[in-house]
Amino acid sequence: MTIVINEDDDEADFGPFAFLNSSVKGEVLNVSHDYRYQKMGYYVSMHAELSGNKVTPSCADILDAHRNPLLMIRAEKAGIPCMPYTLLAKYEHNVNLPALCFAVNPYTCNSVTQVRSESKMHRTMKSLSMNNRYPVSVQPLVGEVKEAIQVFGETDVAEAKEIARKFYEAFHIPIGKLIIQIHDGKAYLSHFEPCERKEVNWDLVKQKLHTIHNIEKRGACI
């Protein structure tokens with residue numbers, strides 16, 4: 001397995017720029033804090049797939065996880081408790097408030113917006129829809145909103161541990177930020193977003209990669 005990391009790490013076989021200029025063959029593990037479309041994390045997976053390699057995460061998993069409606073559909077099928085959502089193409093009166101809104105367009109990052117008034121809903125819809133060019137996912141805001149950084153299915157947010165494990169099993173994305181709501185003592189998945197580099201526990205990432213390397217070595221010796 002070839003490991004590509006966008007951070008300096010002894011466990012990395014390639015940095016992303018070197019990998020994009022390579023013709024590596026075989027399985028690829030792409031580790032990044034940001035897999036958004038047209039970002040380096042996405043291009044690494046795309047290059048691996050175009051070269052005929054199996055890559056984790058795949059481009060399909062990346063794109064689905066970053067589109068709120070597709071995330072919700074696949075997460076529910078994976079047994080993850082999810083908040084209900086409505087897709088709005090433009091501002092509408094009488095949307096149940098308070099609400100939690102997310103951009104569906106591929107360009108807006110960290111779009112989580114809590115809305116408690118009609119005037120803010122109007123501004124939020126205009127912003128997140130990019131002037132009515134893209135739909136906006138609207139969920140009921142019924143509980144405490146928390147962010148959980150998941151690393152290979154693990155998180156230090158107690159309420160989100162099971163969601164993080166199932167998310168990684170379903171989408172195979174090594175690093176990312178899960179947005180959850182706590183309602184009546186139960187956690188529900190609301191959204192997925194990239195992390196900022198400073199939010200990631202890179203020591204935990206190194207531990208996980210070291211374990212993967214050791215498993216690979218043992219497998220090669222069998």
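Before I go on, a word on what we're looking at. This is a predicted model, where local features need pLDDT of at least 70 and side-chain atom pairs count only at pLDDT 80 or more, while totals for chains, interfaces and linings use all residues. Residues are numbered from 1 along each chain as its sequence is written, and side-chain values use heavy atoms, with hydrogens and water left out.

What do I mean by a cavity? On a 1 Å grid over the protein atoms alone, it's a set of points where a 1.4 Å probe fits but cannot get out, and lining residues have an atom within 4 Å of a point. Points are joined across faces, edges and corners, and the volume is the space filled by probe spheres set on them.

Back to that second largest cavity. Its lining includes Val-4, Asn-30, Met-40 and Val-44. Which element gives the largest share of this lining? That's H2, with three residues. Strand S1 (2–5), strand S2 (28–31) and helix H2 (40–50) each supply at least two; helices (H or I, at least four residues) and strands (E, at least two) are DSSP runs, numbered from the N terminus. By class, we get six nonpolar, four polar and no charged residues. Here Ala, Val, Leu, Ile, Met, Phe, Trp, Tyr, Cys and Pro are nonpolar, Asp, Glu, Lys and Arg are charged, and the others, Gly among them, are polar.

Now the largest cavity, with about 140 Å³ of space. It has 18 lining residues, and the closest to its centre are Arg-36, His-66, Arg-67, Asn-105 and Thr-108. S10 gives the most to this lining, three residues. The lining of the largest cavity splits into nine nonpolar, six polar and three charged.

Last topic: rings. The whole structure has seven aromatic pairs (Phe, Tyr or Trp rings, the six-membered one for Trp, with centres within 6.5 Å; planes under 30 degrees apart are stacked, over 60 edge-to-face, the rest tilted). Take Tyr-37 and Tyr-42: their centres are 5.4 Å apart and their planes at 70 degrees, so that pair is edge-to-face. Tyr-42 also pairs edge-to-face with Tyr-43, at 6.3 Å centre to centre and 65 degrees. Ring pairs therefore link Tyr-37, Tyr-42 and Tyr-43 into a cluster.

Is Tyr-42 buried or exposed? Buried, at 8% relative accessible area, where buried means under 20%, exposed over 50% and partly exposed in between, with a 1.4 Å probe and protein chains only. Tyr-37 is partly exposed at 36%, and Tyr-43 is partly exposed at 33%.

Terms used: 1 Å grid on protein atoms, 1.4 Å probe; cavity = no way out; pocket = protein on both sides within 12 Å on 5 of 7 lines; lining within 4 Å.
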